[in-house]
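Hi,

Here is the structure I said I would pass on.

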Amino acid sequence: MLAVTLNLGTSATTISTATAGSLGVCFARSLATTTTHTVSLGRYDGTTLHETVRLKAGEAAIFRMAPGDYAARAAVAGSRLSLFVLED
């Protein structure tokens, strides 16, 4: 299992999955407390974040991750995102 809490800015922050043998199910939760703050995550090609999931303050999502590079960013700097990734 990979567990990480990211303190996000408004530019893409890479999500390191190097310690996971194979990516499986991911549980993501926005730790933002202001209702207008959102965090986004998705595939990252090294220059562009392709947003796939957007969470409002306190929201959570469960999804299966495909192999590849991922990143996240916040609408307002200082928002946090908690991720738990289970290996297949």
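**Notes on the strands and the core**

Val39 stands opposite Ala74 in β7. Before I go on: this is a predicted model, where local features need pLDDT of at least 70 and side-chain atom pairs count only at pLDDT 80 or more, while totals for chains, interfaces and linings use all residues. Residues are numbered from 1 along each chain as its sequence is written, and side-chain values use heavy atoms, with hydrogens and water left out.

A second pair across to β7 is Gly42, which stands opposite Ala71. In total, 5 bridges join β4 to β7, and the two run antiparallel. Strands here are DSSP runs of E, at least two residues, numbered from the N terminus, and two of them pair if DSSP finds at least two bridges between them.

β4 also pairs with β5, again in the antiparallel sense, over 7 bridges. There, Thr38 has Lys56 of β5 as its bridge partner. The hairpin of β4 and β5 has 4 residues between the strands, and Gly46 in that hairpin takes a positive phi near 100 degrees.

Put together, this gives an open sheet of 4 strands in the order β2-β7-β4-β5, with antiparallel pairing. β2 (13-15) and β5 are the edge strands, each pairing on one side only. From one strand to the next the twist averages 30 degrees (axes are lines fitted to C-alpha atoms, and angles run from 0 to 180 degrees between N-to-C directions).

How many of the 7 residues of β4 are buried? The count is 6, so β4 is largely enclosed by the rest of the structure. Buried means under 20% relative accessible area, exposed over 50%, and partly exposed in between, with a 1.4 Å probe and protein chains only.

Now the core. Leaving aside its neighbours within four places in sequence, Leu81 is in contact (heavy atoms within 4.5 Å) with residues including Val4, Leu6, Ala28, Val39, Leu41, Leu55 and Ala72.

On to the rings. A search of the whole structure finds 1 aromatic pair. Phe27 and Phe84 form that pair, which is tilted, at 6.3 Å centre to centre with 35 degrees between the planes. Phe27 lies in strand β3 and Phe84 in strand β8, so the pair ties together parts that are 57 residues apart in sequence. For the cut-offs, rings of Phe, Tyr and Trp (its six-membered ring) pair if their centres lie within 6.5 Å; planes under 30 degrees apart count as stacked, over 60 as edge-to-face and the rest as tilted. Phe27 counts as partly exposed at 28% relative accessibility, and Phe84 does too, at 35%.

Last, a loop residue: Ala77 is in the loop between β7 and β8 and counts as exposed at 55% relative accessibility. Ala77 and Ser11 are 66 residues apart in sequence but 8.7 Å apart in space, C-alpha to C-alpha.

Cheers
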